[in-house]
Amino acid sequence: MGNTIIGQALPNIPWEDRAANCSEVLWRYSQNPVIKRNHTPRSNSIFNSAVVPYQGVFAGVFRVDDTRRLMNVHSGRSQDGWHWEIDPSPIEWEVDDPEIAPFVHRYDPRVCWLEDRYYVTWCNGYHGPTIGMGYTYDFKSFTQMENSFLPHNRNGVLFPRRINGKYAMYSRPSDNGHTPFGDIFYSESPDLIHWGKHRWVMSPKSWTWQSTKIGAGPTPIETTEGWLLFYHGVLTSCNGFVYSMGVALLDLDQPWKVIYRSAPYLMSPQTLYENVGDVPNVVFPCAALTDAATGRISIYYGAADTVTGLAFGYVDEILDFLKANSEL
(Lines give C-alpha, C1' and ligand atoms only; values in the text may rest on other atoms or scores of the structure.)
Protein backbone atom coordinates (compact mmCIF):
# COMPACT_ATOMS: atom_id res chain seq x y z
CA MET A 1 0.00 0.00 0.00
CA GLY A 2 0.99 3.68 -0.03
CA ASN A 3 1.33 6.39 -2.69
CA THR A 4 -2.36 7.26 -2.37
CA ILE A 5 -1.89 9.81 0.41
CA ILE A 6 -0.30 13.05 -0.74
CA GLY A 7 1.95 13.99 2.16
CA GLN A 8 4.96 13.05 4.23
CA ALA A 9 6.18 9.70 5.47
CA LEU A 10 5.64 9.11 9.19
CA PRO A 11 7.61 5.95 9.99
CA ASN A 12 6.97 6.26 13.74
CA ILE A 13 3.20 6.55 13.41
CA PRO A 14 1.53 4.85 16.40
CA TRP A 15 0.28 1.59 14.96
CA GLU A 16 -1.09 -1.81 15.87
CA ASP A 17 -1.72 -4.44 13.19
CA ARG A 18 -5.22 -5.75 12.64
CA ALA A 19 -5.93 -8.81 14.76
CA ALA A 20 -6.22 -12.10 12.91
CA ASN A 21 -9.91 -12.46 13.81
CA CYS A 22 -10.81 -8.88 12.81
CA SER A 23 -12.40 -8.02 9.47
CA GLU A 24 -13.23 -4.36 10.16
CA VAL A 25 -11.99 -1.60 7.88
CA LEU A 26 -11.08 0.38 11.01
CA TRP A 27 -9.94 -1.48 14.09
CA ARG A 28 -9.46 -0.29 17.64
CA TYR A 29 -6.25 -0.20 19.64
CA SER A 30 -6.34 -3.26 21.88
CA GLN A 31 -5.29 -1.20 24.92
CA ASN A 32 -7.86 1.59 24.50
CA PRO A 33 -8.47 4.09 25.93
CA VAL A 34 -5.06 5.49 25.06
CA ILE A 35 -5.73 8.52 27.31
CA LYS A 36 -7.82 7.94 30.41
CA ARG A 37 -10.14 10.46 32.02
CA ASN A 38 -7.91 11.18 35.05
CA HIS A 39 -4.66 11.60 33.12
CA THR A 40 -4.01 14.99 34.76
CA PRO A 41 -4.47 15.76 38.47
CA ARG A 42 -7.75 17.67 38.11
CA SER A 43 -9.23 16.20 34.95
CA ASN A 44 -12.73 14.81 34.95
CA SER A 45 -12.36 13.74 31.32
CA ILE A 46 -10.00 14.09 28.34
CA PHE A 47 -11.52 13.54 24.90
CA ASN A 48 -12.21 15.11 21.46
CA SER A 49 -8.57 16.16 21.13
CA ALA A 50 -6.10 16.84 18.32
CA VAL A 51 -2.66 15.29 17.71
CA VAL A 52 -0.02 16.12 15.05
CA PRO A 53 3.57 15.09 14.24
CA TYR A 54 6.03 17.60 15.69
CA GLN A 55 9.82 17.62 15.25
CA GLY A 56 10.07 13.85 14.93
CA VAL A 57 7.74 13.16 17.86
CA PHE A 58 4.16 14.24 18.58
CA ALA A 59 2.29 17.17 20.08
CA GLY A 60 -1.32 18.08 20.50
CA VAL A 61 -4.09 20.17 21.99
CA PHE A 62 -6.43 18.32 24.30
CA ARG A 63 -9.93 18.97 25.53
CA VAL A 64 -9.82 18.66 29.31
CA ASP A 65 -12.98 19.07 31.38
CA ASP A 66 -11.78 19.64 34.93
CA THR A 67 -13.35 18.60 38.22
CA ARG A 68 -15.31 21.85 38.26
CA ARG A 69 -16.62 20.70 34.86
CA LEU A 70 -15.09 23.70 33.11
CA MET A 71 -14.18 22.99 29.49
CA ASN A 72 -10.76 24.12 28.31
CA VAL A 73 -7.84 23.13 26.08
CA HIS A 74 -4.37 22.01 27.22
CA SER A 75 -1.10 21.42 25.38
CA GLY A 76 0.53 17.97 25.37
CA ARG A 77 3.55 16.10 24.02
CA SER A 78 4.50 12.51 23.40
CA GLN A 79 7.59 10.66 22.21
CA ASP A 80 5.59 7.86 20.61
CA GLY A 81 1.94 8.88 20.24
CA TRP A 82 0.88 6.46 22.97
CA HIS A 83 2.20 7.93 26.20
CA TRP A 84 1.30 11.57 26.74
CA GLU A 85 2.48 14.37 29.00
CA ILE A 86 -0.45 16.78 29.13
CA ASP A 87 0.01 20.14 30.82
CA PRO A 88 -2.21 20.18 33.92
CA SER A 89 -2.89 23.89 33.34
CA PRO A 90 -4.86 25.20 30.36
CA ILE A 91 -3.20 27.03 27.49
CA GLU A 92 -2.73 30.72 28.24
CA TRP A 93 -3.50 32.47 24.98
CA GLU A 94 -1.70 35.64 23.96
CA VAL A 95 -4.33 38.05 22.63
CA ASP A 96 -3.67 41.44 21.03
CA ASP A 97 -7.28 42.60 21.23
CA PRO A 98 -8.82 42.37 24.73
CA GLU A 99 -12.27 42.34 23.14
CA ILE A 100 -11.95 38.63 22.33
CA ALA A 101 -9.89 37.62 25.34
CA PRO A 102 -12.59 36.85 27.98
CA PHE A 103 -12.80 33.11 28.61
CA VAL A 104 -16.15 31.32 28.73
CA HIS A 105 -15.25 27.86 27.49
CA ARG A 106 -13.10 26.16 24.87
CA TYR A 107 -13.61 22.63 23.61
CA ASP A 108 -13.23 20.10 20.78
CA PRO A 109 -9.95 21.41 19.28
CA ARG A 110 -8.42 20.53 15.94
CA VAL A 111 -4.82 21.20 14.96
CA CYS A 112 -3.61 21.71 11.38
CA TRP A 113 -0.10 22.33 10.05
CA LEU A 114 -0.58 25.07 7.46
CA GLU A 115 2.35 26.71 5.62
CA ASP A 116 4.59 27.75 8.51
CA ARG A 117 2.80 27.05 11.80
CA TYR A 118 0.25 24.94 13.58
CA TYR A 119 -3.24 26.42 13.61
CA VAL A 120 -5.71 25.48 16.31
CA THR A 121 -9.46 25.72 15.86
CA TRP A 122 -11.94 25.04 18.63
CA CYS A 123 -15.50 25.71 19.73
CA ASN A 124 -15.18 29.04 21.50
CA GLY A 125 -17.70 30.55 23.89
CA TYR A 126 -18.20 34.10 22.58
CA HIS A 127 -21.84 35.10 23.14
CA GLY A 128 -22.67 31.59 22.06
CA PRO A 129 -20.57 28.85 20.47
CA THR A 130 -18.44 29.89 17.51
CA ILE A 131 -15.16 28.89 15.83
CA GLY A 132 -12.12 30.17 17.72
CA MET A 133 -8.77 30.20 15.96
CA GLY A 134 -5.17 30.61 17.04
CA TYR A 135 -1.71 29.35 16.25
CA THR A 136 1.52 28.08 17.74
CA TYR A 137 5.01 27.32 16.49
CA ASP A 138 6.22 25.26 19.43
CA PHE A 139 3.20 24.12 21.52
CA LYS A 140 4.51 26.31 24.33
CA SER A 141 3.24 29.76 23.40
CA PHE A 142 -0.12 30.22 21.67
CA THR A 143 -1.62 33.29 19.98
CA GLN A 144 -5.38 33.74 19.66
CA MET A 145 -6.79 35.27 16.47
CA GLU A 146 -10.20 36.64 15.67
CA ASN A 147 -13.14 34.25 15.87
CA SER A 148 -13.81 32.90 12.39
CA PHE A 149 -17.59 33.08 12.27
CA LEU A 150 -20.59 34.57 13.98
CA PRO A 151 -22.25 32.43 16.62
CA HIS A 152 -23.56 29.83 16.40
CA ASN A 153 -21.11 27.38 14.86
CA ARG A 154 -19.06 24.31 15.74
CA ASN A 155 -16.62 21.79 14.25
CA GLY A 156 -14.37 24.23 12.41
CA VAL A 157 -11.80 22.18 10.50
CA LEU A 158 -9.06 23.81 8.40
CA PHE A 159 -7.62 22.38 5.20
CA PRO A 160 -3.83 21.75 5.25
CA ARG A 161 -3.20 23.91 2.18
CA ARG A 162 -4.83 26.67 0.20
CA ILE A 163 -7.54 25.77 -2.34
CA ASN A 164 -7.21 27.84 -5.53
CA GLY A 165 -5.20 30.40 -3.61
CA LYS A 166 -7.59 30.70 -0.65
CA TYR A 167 -7.57 29.24 2.85
CA ALA A 168 -10.44 26.82 3.41
CA MET A 169 -12.46 25.44 6.30
CA TYR A 170 -15.40 23.15 6.98
CA SER A 171 -17.85 24.07 9.74
CA ARG A 172 -21.26 23.14 11.10
CA PRO A 173 -23.65 26.04 11.74
CA SER A 174 -25.62 25.28 14.87
CA ASP A 175 -27.68 26.82 17.64
CA ASN A 176 -26.90 27.88 21.21
CA GLY A 177 -27.57 24.47 22.78
CA HIS A 178 -26.98 20.77 22.16
CA THR A 179 -27.82 21.24 18.49
CA PRO A 180 -30.55 18.88 17.24
CA PHE A 181 -29.65 19.55 13.58
CA GLY A 182 -26.64 20.32 11.41
CA ASP A 183 -25.15 20.33 7.90
CA ILE A 184 -21.49 20.65 6.91
CA PHE A 185 -20.55 23.83 5.01
CA TYR A 186 -17.37 24.97 3.25
CA SER A 187 -15.95 28.51 3.56
CA GLU A 188 -12.84 30.22 2.24
CA SER A 189 -10.70 33.18 3.23
CA PRO A 190 -7.88 35.29 1.77
CA ASP A 191 -6.27 35.86 5.19
CA LEU A 192 -7.71 33.46 7.80
CA ILE A 193 -9.69 36.40 9.25
CA HIS A 194 -12.42 37.24 6.73
CA TRP A 195 -14.48 34.23 5.67
CA GLY A 196 -16.96 33.93 2.81
CA LYS A 197 -17.95 31.97 -0.31
CA HIS A 198 -19.95 29.64 1.91
CA ARG A 199 -20.93 26.45 0.12
CA TRP A 200 -23.19 23.66 1.31
CA VAL A 201 -21.37 20.31 1.44
CA MET A 202 -23.74 17.68 2.82
CA SER A 203 -26.72 17.15 5.11
CA PRO A 204 -27.85 14.42 7.50
CA LYS A 205 -29.67 11.41 6.04
CA SER A 206 -33.07 10.48 7.45
CA TRP A 207 -33.50 7.16 9.23
CA THR A 208 -29.79 6.36 9.33
CA TRP A 209 -26.86 6.55 11.78
CA GLN A 210 -26.33 10.15 10.52
CA SER A 211 -29.95 11.31 10.56
CA THR A 212 -29.79 14.17 13.10
CA LYS A 213 -26.56 16.07 12.42
CA ILE A 214 -23.09 15.66 10.97
CA GLY A 215 -19.77 17.44 11.50
CA ALA A 216 -16.25 17.34 10.07
CA GLY A 217 -13.67 15.50 12.15
CA PRO A 218 -9.90 15.49 11.55
CA THR A 219 -8.09 17.76 9.08
CA PRO A 220 -9.02 16.55 5.56
CA ILE A 221 -6.45 14.15 4.11
CA GLU A 222 -5.26 14.87 0.58
CA THR A 223 -5.16 11.79 -1.64
CA THR A 224 -4.66 11.19 -5.35
CA GLU A 225 -8.44 10.73 -5.65
CA GLY A 226 -9.71 13.65 -3.57
CA TRP A 227 -9.97 14.94 -0.01
CA LEU A 228 -10.64 12.12 2.44
CA LEU A 229 -12.82 13.38 5.28
CA PHE A 230 -13.67 11.44 8.43
CA TYR A 231 -16.75 12.90 10.06
CA HIS A 232 -19.21 12.19 12.84
CA GLY A 233 -22.88 11.52 12.33
CA VAL A 234 -25.59 11.47 14.97
CA LEU A 235 -28.71 9.36 15.36
CA THR A 236 -31.42 10.40 17.81
CA SER A 237 -32.51 7.18 19.50
CA CYS A 238 -35.22 6.68 22.10
CA ASN A 239 -32.38 6.90 24.64
CA GLY A 240 -30.64 10.01 23.27
CA PHE A 241 -27.94 10.85 20.73
CA VAL A 242 -25.63 8.17 19.27
CA TYR A 243 -22.41 9.47 17.63
CA SER A 244 -20.70 7.32 14.98
CA MET A 245 -17.88 7.82 12.47
CA GLY A 246 -18.26 7.92 8.70
CA VAL A 247 -16.07 8.88 5.75
CA ALA A 248 -16.46 10.85 2.53
CA LEU A 249 -14.34 11.74 -0.49
CA LEU A 250 -14.54 15.28 -1.88
CA ASP A 251 -13.26 17.01 -4.98
CA LEU A 252 -9.70 18.38 -4.69
CA ASP A 253 -10.46 21.72 -6.38
CA GLN A 254 -14.07 22.14 -5.23
CA PRO A 255 -14.19 20.51 -1.79
CA TRP A 256 -17.89 21.20 -1.36
CA LYS A 257 -18.59 18.60 -4.04
CA VAL A 258 -18.98 15.09 -2.61
CA ILE A 259 -17.72 12.22 -4.77
CA TYR A 260 -18.42 9.33 -2.37
CA ARG A 261 -20.08 9.19 1.04
CA SER A 262 -20.35 6.12 3.23
CA ALA A 263 -23.88 4.80 3.69
CA PRO A 264 -22.85 2.50 6.59
CA TYR A 265 -20.75 3.89 9.41
CA LEU A 266 -17.07 3.06 9.69
CA MET A 267 -17.22 2.80 13.49
CA SER A 268 -20.01 3.10 16.03
CA PRO A 269 -19.94 3.07 19.85
CA GLN A 270 -19.78 -0.63 20.71
CA THR A 271 -17.21 -1.00 23.49
CA LEU A 272 -17.64 -0.28 27.19
CA TYR A 273 -15.52 2.90 27.09
CA GLU A 274 -17.57 4.19 24.11
CA ASN A 275 -20.95 3.23 25.55
CA VAL A 276 -20.44 4.24 29.19
CA GLY A 277 -19.24 7.66 30.31
CA ASP A 278 -20.38 11.21 30.89
CA VAL A 279 -22.20 11.13 27.52
CA PRO A 280 -22.96 7.53 26.57
CA ASN A 281 -22.66 6.16 23.05
CA VAL A 282 -20.14 8.49 21.43
CA VAL A 283 -17.38 7.96 18.84
CA PHE A 284 -16.09 11.42 17.85
CA PRO A 285 -12.99 11.62 15.56
CA CYS A 286 -10.82 14.74 15.90
CA ALA A 287 -7.33 13.87 14.60
CA ALA A 288 -5.71 11.57 12.04
CA LEU A 289 -2.03 10.79 11.58
CA THR A 290 -0.97 9.53 8.16
CA ASP A 291 2.06 7.76 6.77
CA ALA A 292 2.13 8.39 3.03
CA ALA A 293 4.79 5.71 2.50
CA THR A 294 2.60 2.85 3.78
CA GLY A 295 -0.95 4.26 3.56
CA ARG A 296 -1.45 3.85 7.29
CA ILE A 297 -3.91 6.11 9.10
CA SER A 298 -4.22 6.36 12.90
CA ILE A 299 -7.31 8.16 14.21
CA TYR A 300 -7.65 9.69 17.66
CA TYR A 301 -11.27 9.87 18.75
CA GLY A 302 -13.28 10.86 21.78
CA ALA A 303 -15.22 8.05 23.47
CA ALA A 304 -18.34 8.67 25.56
CA ASP A 305 -17.17 12.28 26.11
CA THR A 306 -14.82 10.83 28.73
CA VAL A 307 -11.66 9.26 27.30
CA THR A 308 -9.58 9.17 24.10
CA GLY A 309 -9.27 6.12 21.87
CA LEU A 310 -7.14 5.14 18.87
CA ALA A 311 -8.24 3.33 15.73
CA PHE A 312 -6.27 2.21 12.67
CA GLY A 313 -6.82 1.64 8.97
CA TYR A 314 -5.23 1.65 5.52
CA VAL A 315 -6.18 4.41 3.11
CA ASP A 316 -6.68 2.06 0.16
CA GLU A 317 -8.98 -0.24 2.16
CA ILE A 318 -10.96 2.77 3.39
CA LEU A 319 -11.34 4.07 -0.16
CA ASP A 320 -12.41 0.62 -1.40
CA PHE A 321 -15.00 0.44 1.39
CA LEU A 322 -16.20 3.94 0.56
CA LYS A 323 -16.63 3.26 -3.16
CA ALA A 324 -18.44 -0.03 -2.53
CA ASN A 325 -20.79 1.48 0.05
CA SER A 326 -21.42 5.02 -1.16
CA GLU A 327 -24.77 6.80 -1.14
CA LEU A 328 -24.89 10.52 -1.96
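Trainee: Why is Val61 called buried?

Mentor: In this predicted model, Val61 has a relative accessible area of 0%. Buried means under 20%, so Val61 is buried.

Trainee: Where does Val61 lie, and which residues does Val61 touch?

Mentor: Val61 belongs to strand β3. Leaving aside residues up to four places away in sequence, Val61 touches Ser49, Ala50, Val73, His74, Ile91, Pro109, Val111, Val120, Phe139 and Phe142. Phe103 is 42 residues from Val61 in sequence, and the two C-alpha atoms are 17 Å apart in space.

Trainee: Which residues touch the most other members of the largest nonpolar core?

Mentor: That core has 35 residues, and those with the most contacts to other members are Val61, Phe62, Trp84, Val111, Phe139 and Tyr300. Two or more residues come from each of the elements β2 (43–54), β3 (57–66), β5 (84–86), β8 (117–125), β20 (283–291) and β22 (307–314). Another core, of 25 residues, lies apart from it, with Leu249, Leu266, Ile299 and Phe321 among them. In soluble globular proteins, nonpolar side chains tend to be buried together.

Trainee: Which residues does Phe62 touch?

Mentor: Not counting residues up to four places away in sequence, the contacts of Phe62 include Ile35, Ile46, Val51, Val73, Trp84, Ile86 and Pro109. Ser49, Asn72, His74, Ser75 and Gly76 are also touched by Phe62.

Trainee: How many aromatic pairs are there?

Mentor: The count comes to 28 aromatic pairs. Ring pairs also link Tyr54, Trp93, Trp113, Tyr118, Trp122, Phe139 and Phe142 into a cluster.

Trainee: Why is the pair of Trp15 and Trp27 called edge-to-face?

Mentor: The ring centres of Trp15 and Trp27 are 5.5 Å apart, and rings pair if their centres lie within 6.5 Å. The planes of the two rings stand at 80°, and planes over 60 degrees apart count as edge-to-face. The pair of Trp15 and Trp27 is therefore edge-to-face. Trp15 is in the segment before β1 (27–28) and Trp27 is in strand β1, twelve residues apart.

Trainee: What makes Trp15 and Trp27 count as buried?

Mentor: The relative accessibility of Trp15 is 13%, and the relative accessible area of Trp27 is 4%. Buried means under 20%, so Trp15 counts as buried, and so does Trp27.

Trainee: How do you know that the charged end of Arg117 sits over a ring?

Mentor: The charged end of Arg117 is 4.6 Å from the centre of the ring of Tyr135, and the distance limit is within 6 Å. The charged end of Arg117 is listed as sitting over that ring.

Trainee: What makes β11 and β14 edge strands?

Mentor: The open sheet has four strands in the order β11-β12-β13-β14, with antiparallel pairing. β11 (153–158) and β14 (196–202) each pair on one side only, and they are the edge strands. Neighbouring strands are turned by 30° against each other on average, direction ignored.

Trainee: How do you know that β11 and β12 pair?

Mentor: Pairing needs at least two bridges, and β11 and β12 have four, in the antiparallel sense. Leu158 stands opposite Met169 in β12. Five bridges join β12 to β13, where Ser189 is the bridge partner of Tyr167. β13 (residues 184–189) and β14 pair over four bridges, and Phe185 stands opposite Trp200 in β14.

Trainee: Why is strand β12 called largely enclosed?

Mentor: Six of the seven residues of β12 (residues 167–173) are buried, so the strand is largely enclosed by the rest of the structure.

Conventions: Residues numbered from 1 in each chain as written. Predicted model: local features only at pLDDT ≥ 70, side-chain atom pairs only at ≥ 80, totals over all residues. Heavy atoms only, no water. Core = buried A, V, L, I, M, F, W, Y, C linked by side-chain atoms within 4.5 Å. Buried < 20%, exposed > 50% of the residue type's maximum accessible area, 1.4 Å probe, protein only. Contact = heavy atoms within 4.5 Å. Phe/Tyr/Trp six-rings, centres within 6.5 Å; stacked < 30°, edge-to-face > 60°. Lys NZ or Arg CZ within 6 Å of the ring centre and 35° of its normal. Axes fitted to C-alpha atoms, helices over the stretch in contact; angles between N-to-C directions.
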